[in-house]
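Please open the model in your viewer and keep the selection panel at hand. The stops below proceed from one group of elements to another.

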Amino acid sequence: MKLSKYIILVLIVLAFVEFFGHLIWKQNEGLIGGISLTAILILAIFIRKYIKANDHLIETDTKYQKLIQHHEWSRKQLHSLFHYNPDIIFFLDKDGNFINANPTVEQLTGFNWNDLIDTNFLQTVPRKERNFANEKFYSALKGNRETFKMSIFNSKGEQMEFNVTAVPLIVDENIVGVTGIARDITQRQKMESLLIESEQRYKSLFVHNTDAVLSFDLEGRFTSVNPESEMCSGYSEEELLSMSFQDLLIPEDIERVVEFFEQVKAGNPLEYETAMYNKKGERLDLSVKNMPIYTNGQIVGVFSIIKDVTENNKAQLLLDGQTKVLEMIAKGALITKVFDEIIYMIEKLSNGGRCSILLADESKSRLHIGSAPNLPKGYMEALNGISIGPRAGSCGSSAHYKKMVIVEDISKDALWTRYRDIPQKYQLVSCWSSPILDNQDMVLGTFAIYFNQPALPTEAELKLIEKATYLAKLAILHYKAEDTINHMAYHDPLTGLPNRRLFKKRFEHTLEEIAGKRIEASLLFLDLDRFKVINDSLGHSIGDLLLQKVANRLKYSLRRKDFIGRQGGDEFLILLEESTKEETEFVAKRILKALSRPFRLKGHEVVITPSIGISLFPTHGHDPETLIRNADIAMYDAKRQGKNTYQFYQLTQEKVLNDQLVLEQNLRKSLERDEFVLHYQPQVDLVTNQICGVEALIRWNHPELGSIPPNRFIPVAEETGLIVPIGEWVIKTACEQNVIWQNNGWPSLVISVNLSIRQFFQANLISMVCRILEETGLDPQYLELEITESMTMNVEMAIGIIQELKQLGVKVAIDDFGTGYSSLNYLKRLTIDRLKIDQSFVQDIAKDSNDRDIVTTIITMGHNLKMKVIAEGVETEEQLQFLRTHGCDEVQGYLFSKPLSAEDFVEKFGKVTEKI
């Protein structure tokens with residue numbers, strides 16, 4: 001019995017004694033007092049004895065109180081853990097019904113506990129996961145511990161994700177239900193999904209990008225490349241990562257691109273075009289976008305996106321050439337001029353081919369020369385009048401059989417048995433010929449292309465021949481089919497849509513009609529994404545069919561008053577007359593939807609998406625050129641935004657790009673406007689001290705931009721290919737001037753002209769030089785063509801070209817010698833007449849011992865190789881004296897004269913026989 005109980009008992013006894021004492025008090029107060037006192041003493045003794053005997057009970061009672069306090073504390077802890085736990089704690093009976101849950105269930109899911117009590121837990125689980133959840137529930141009922149992921153719906157019907165741990169609920173050693181703890185991982189799942197999506201986007205942008213995507217360190221070394229970079233360059237990732245971008249560039253473009261690279265390293269993104277050689281030695285034209293890579297605010301490298309535009313450039317050349325030919329036909333140009341233009345176009349696009357067009361006579365029995373501007377005259381004269389029949393060479397057989405004839409090696413082909421000696425005399429090795437047939441399959445003539453080595457045509461070359469044959473047919477049938485020609489001049493032959501020329505006319509007319517009337521119009525520039533991949537993988541016939549079907553869908557996606565044309569390649573222009581921005585946006589969305597459906601093409605299912613750029617009149621421009629250009633810029637922005645979308649134009653083009661574009665546009669017109677002139681700088685023989693030669697240097701005098709130095713326009717001419725016609729003009733003008741001086745009594749001087757690398761490797765260089773010499777009447781020995789060391793990198797080809805030039809009697813010099821990387825082993829094989837010491841060595845010859853040693857070495861080496869040596873950039877008597885002392889043969893520079901116009905040259909050096 002507890003101590004407290006005994007104390008109460010004592011108090012009751014005391015009370016009892018007191019009560020009875022009070023009753024007796026009146027009879028005998030003293031006796032009662034004694035009794036009371038005695039009773040108290042007895043009770044006190046009893047209590048003391050009891051307490052002493054039961055001290056261990058007091059101690060036991062204290063421990064019991066502490067145990068109660070500990071139990072109460074544990075209860076409170078469990079209460080806090082249950083009620084304030086951030087995870088849901090729930091209890092289910094054996095049927096899976098909720099019997100209890102903590103308040104967190106309401107906080108996370110929005111369910112009120114009253115709504116959940118006696119509700120089966122499967123009602124909150126998505127239907128597709130119920131079987132799985134049920135399996136886990138029954139497994140826990142069997143005594144197993146289960147941990148798993150599961151989805152539930154919250155009170156709003158939104159799906160949430162949880163990590164769940166379920167264990168059996170045990171009472172008196174019996175499983176009566178399941179206890180579970182559920183942790184909300186919805187946000188974590190979303191983050192994981194975002195990470196997966198981010199990785200997929202990375203793969204789409206980098207790994208699966210159809211453009212070459214790569215990065216460089218600050219030294220220009222490759223640090224990462226995607227698969228397309230390997231496909232484009234021909235090098236493996238391992239090879240590229242051991243290289244610098246300079247290793248791939250065409251030599252003449254390295255300095256310019258390095259400067260661009262430095263600008264990007266300074267934080268300025270740039271876009272430009274350049275060219276490179278792939279592993280096979282093939283030249284590729286590239287469109288480059290460079291951006292700096294930042295890490296912690298510091299530029300650590302350069303990111304680059306590179307598009308191979310070689311085929312686009314070729315396609316553009318073909319389209320431009322075709323348009324020019326058709327315009328010539330429509331204007332009634334001489335048929336021989338039309339033929340010449342067809343041949344020039346095909347030769348530019350072929351890999352060194354030279355072409356001819358032969359015409360069938362009235363009897364359809366023989367072929368006669370129509371045009372062959374770059375084939376040897378002797379060969380064409382010998383072939384003129386060749387019979388149409390079997391074994392009559394490529395052309396006679398092609399006309400006879402009315403099908404294309406491909407001869408890989410003339411020396412081995414039976415078709416050439418009767419004529420084999422004629423092409424072999426002129427080093428013509430292979431010939432492909434296609435018949436020109438009218439609409440009734442009658443022979444009109446043949447188109448042929450020749451090569452100096454055995455060759456078989458690629459698919460692209462077959463298409464070129466087909467295009468040339470078709471254009472020749474149109475020219476021949478001009479007067480019979482004038483309507484057809486006019487249609488071809490204004491319509492795209494593949495899709496039947498208006499071409500650029502007709503579209504521009506319509507565009508100009510529309511803008512004139514709505515100008516000043518507060519009427520809006522829109523221009524859509526549409527480009528097909530990944531078209532090149534489809535074209536390359538499935539073939540051009542599938543690509544052409546796809547373009548036709550795309551054109552049809554586009555036409556049916558537009559309003560009746562809208563006008564669509566083919567810009568070229570996979571690009572289309574759409575003019576929306578009287579269209580607001582909102583209406584334009586609606587049409588753009590409709591186009592995206594129309595093209596989203598797969599195309600079925602000869603057993604292939606193809607999906608193509610467009611990128612659309614939009615410019616608005618008058619907001620973004622007032623003339624067709626500006627609006628088309630701005631829509632084109634917006635289209636590229638749409639591609640950067642991920643393709644398959646549209647973007648309106650925004651003012652983002654940098655001034656430098658505008659200036660570059662203006663310069664290029666003016667350069668294209670400079671020849672026909674007669675804006676170029678040649679200046680001449682004398683070259684002096686150090687033995688006779690007389691003028692022994694003249695270097696011709698081009699200058700550009702623009703009526704508005706003024707005098708433009710060569711270092712500004714020559715790189716643009718190189719990049720665009722305009723250097724070829726400009727270079728031809730320089731050679732011809734220089735030869736004409738030399739002849740004029742000779743006819744006026746001057747002694748015969750050698751006139752030097754610089755060749756660009758494009759000119760040097762162009763297919764018709766030899767025939768072009770030969771033609772100019774014949775037209776001007778200049779003796780070949782008085783023309784010198786200067787090449788650079790970089791042009792001799794392809795040694796075997798360079799040797800062949802130089803030998804052909806030497807056979808003509810033309811002199812050849814190496815300009816800027818010492819700045820390149822010529823091999824002495826190969827240099828001795830080149831039949832070079834003069835070495836020209838670069839002026840960078842001459843400038844410091846008086847104070848730099850290294851330059852003196854280099855100049856002395858070049859002079860000695862040149863003489864040992866039986867070459868004359870000329871130094872350029874001579875400006876001081878001290879430089880002249882050093883060169884004279886060390887045996888330099890000739891010099892040129894400002895010490896004698898700056899480059900002068902022809903008139904000023906005559907005025908200053910009227911008596912060139914006198915010593916200078």
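The tour visits a hairpin, then a sheet with its helices, and finally a pair of helices.

This is a predicted model, in which local features need pLDDT of at least 70 and side-chain atom pairs count only at pLDDT 80 or more, while totals for chains, interfaces and linings use all residues. Residues are numbered from 1 along each chain as its sequence is written, and side-chain values use heavy atoms, with hydrogens and water left out.

**The hairpin**

Select residues 354-360 and 366-371, strands S11 and S12, which pair in the antiparallel sense over four bridges; strands (E, at least two residues) and helices (H or I, at least four) are DSSP runs numbered from the N terminus, and two strands pair if DSSP finds at least two bridges between them. Ile357 stands opposite Ser371 in S12, and among the five residues between the strands of this hairpin, Lys364 takes a positive phi near 60 degrees.

Next, display the open sheet of five strands in the order S18-S19-S17-S22-S23, whose pairing is mixed. Its edge strands, S18 (563-568) and S23 (646-648), each pair on one side only, and the twist averages 20 degrees from one strand to the next. Within the sheet, S17 (residues 521-529) and S19 (residues 571-576) pair in the antiparallel sense over six bridges, with Leu573 in S19 as the bridge partner of Phe525.

Helix H22 (residues 624-640) lies across S17, S18, S19, S22 and S23, running at about 140 degrees to S22.

**The helix pair**

Finally, select H25 (residues 723-743) and H27 (residues 765-776), whose axes come within 10 Å and cross at roughly 30 degrees. The two helices are therefore roughly parallel to each other, a term for angles under 35 degrees. Show side chains for Glu728, Ile731, Lys732, Cys735, Glu736 and Val739 in H25, which meet Met768, Arg771, Ile772, Leu773, Glu775 and Thr776 in H27, contact meaning heavy atoms within 4.5 Å.

Key:
Axes are lines fitted to C-alpha atoms, for helices over the stretch in contact, and angles run from 0 to 180 degrees between N-to-C directions. Angles under 35 degrees count as roughly parallel, over 145 as roughly antiparallel, 65 to 115 as roughly perpendicular and the rest as oblique.
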